[in-house]
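This report looks at the fold, the surface and the salt bridges of the protein shown here.

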Amino acid sequence: MTNESLTYALIEKEIDQYAKDVRDDKPGLVERLALGTTMVSWLPLLVATQFAKSRTAAFALGACTVILLVVLGVGVYCFVQREWRTFHRRHDKLSRELDRDYDQWRILVADMRHFPRAELARRLRYLSARKSSLSYRMGLFTGSVNRLGILPLLAILYLQLKDWRFGDWQALAQVHVVGGLLLWALFLAYLLSWWLVGLSTRWDAYEALLIEAAHEE
C-alpha cells in the first residue's frame, strides 16, 4: 500500500475487503428467489384483479395469491433458518464476531497508517464536510426510515388490506388501481431510502477508518 497514493477509491477498496472478511452468512439461492419473486409479482397480481370479472378469473387469481404467500413463507423460513444461530446463542456468536472483526479492523488501520498523518487528516476534514451535506439532503427524502425500519411499510399494507378476509377473492378486484400504484411507488421509495441509508453507512465507515488511522496512540 505504501507505493499507492491515498485516495477515496483506495479507502473503498480496503473497506470493501474488510466487509467481505467479516460478512455474515449470505442468503441462499432459494431465499433470494423466494423473496425476490414475491416483491416483483405482487403488483402485477394486484393490477390483474382489476380485470377479473368472472368467478373463474377470481378463483385463478386467488390461487396465484396463495402460491405467492407460500413462496413468501419459504423465503421467510430460509431466513429464519439462516439466522437461527444468531437468536439461539446470540451472546456467544456476537462476542466471537466482535473479536474477529476487531482483529481485521486493527490490520486495516495499521495499513492506513503507512500514509502521512497530515494527508489522513486532510482527507478526514473533507469527508466530514461532504458527509454533513449528504446527510442533510438524504434527510429530505429518507426522513427517519433508518429508525422506524419496516414499520411504515407494514402500516401501509395493513391500511390497504385491513378489511380483506381470507377466501374473499372478489374483494381483491375492488382495490383501486391508483391506490395500488401509489402503494407500489411507496414500496420503491422505501427500498431507495434503504439504499441511501446503506450509502451513508459506507461513508460512516470511511470516516471511522480515517479517524482511527489519524489518531496518535
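## Terms and basis

A residue counts as buried under 20% relative accessible area, as exposed over 50%, and as partly exposed in between (1.4 Å probe, protein chains only). The model is predicted, so that local features need pLDDT of at least 70 and side-chain atom pairs count only at pLDDT 80 or more, while totals for chains, interfaces and linings use all residues. Residues are numbered from 1 along each chain as its sequence is written, and side-chain values use heavy atoms, with hydrogens and water left out.

## Fold

The protein has eight helices and zero strands, helices being DSSP runs (H or I) of at least four residues and strands (E) of at least two, numbered from the N terminus. Of its 217 residues, 29% count as buried.

## Partly exposed Leu72

Leu72 belongs to helix α3 (residues 55–88) and, at 31% relative accessibility, counts as partly exposed.

## Salt bridges between helices

The structure holds eight salt bridges, each defined as a side-chain nitrogen of Lys or Arg within 4 Å of a carboxyl oxygen of Asp or Glu. One of them joins Glu212 to Arg106, with the closest N and O atoms 2.9 Å apart; Glu212 lies in helix α8 (residues 177–214) and Arg106 in helix α4 (residues 90–112), so this pair ties together parts that are 106 residues apart in sequence. Arg106 and Glu212 are also linked with Arg113 in a network of salt bridges.

Lys131 meets Asp204 in a salt bridge (2.5 Å, N to O) and Glu207 in another (2.7 Å, N to O). Lys131 is buried at 18% relative accessible area, Glu207 counts as buried at 16%, and Asp204 is partly exposed at 32%.
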